[in-house]
Amino acid sequence: MALEAILLWAVIGLIAGWLASAVVGGGYGLIGDIVVGVVGAFLGGFILRALGTGAPFGGLAGTIFVAFIGAVVLLLILRLIHSSTVRRV
């Protein structure tokens, strides 16, 4: 994988993770937002593919949108897991 591709994944992950953190609340810092955004890109792609649709628009903005959708879902799942763990203690 080329360095440019890795940097592009990191930038997309950072933007999507930061936007999702701003919408859902909370945040995991710079590295955490990148990880949330990159994992969200895979999750968002899976969700939209399962729904039989794709990004509503193409290009970099469409990729960020899909990653954002997945990152929001991921943060909501993490919040559910965290809140159920805190209640048990």
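1. Accessible areas here come from the Shrake-Rupley method with a 1.4 Å probe; for residues, only the protein chains shown count as cover. On that basis the protein exposes about 5,700 Å², and 75% of this surface belongs to carbon and sulfur atoms.

2. This is a predicted model: local features need pLDDT of at least 70, side-chain atom pairs count only at pLDDT 80 or more, and totals for chains, interfaces and linings use all residues. Residues are numbered from 1 along each chain as its sequence is written, and side-chain values use heavy atoms, with hydrogens and water left out.

3. The protein has three helices and zero strands. Helices (H or I, at least four residues) and strands (E, at least two) are DSSP runs, numbered from the N terminus. The order along the sequence is α-α-α. The C-alpha trace spans about 45 × 30 × 25 Å along its principal axes.

4. Helix 2 covers residues 29–50.

5. Of the 89 residues, 29% count as buried (under 20% relative accessible area, 1.4 Å probe, protein chains only). Helix 2 contributes several, including Gly 32, Gly 37, Gly 40, Gly 44 and Gly 45.

6. Phe 68 sits in helix 3 (residues 59–88). Leaving out residues up to four places away in sequence, Phe 68 touches Ala 16, Leu 19, Ala 20 and Val 23 (contact: heavy atoms within 4.5 Å).

Note on methods. Expected span 1.5 Å × (residues − 1). Buried < 20%, exposed > 50% of the residue type's maximum accessible area, 1.4 Å probe, protein only.
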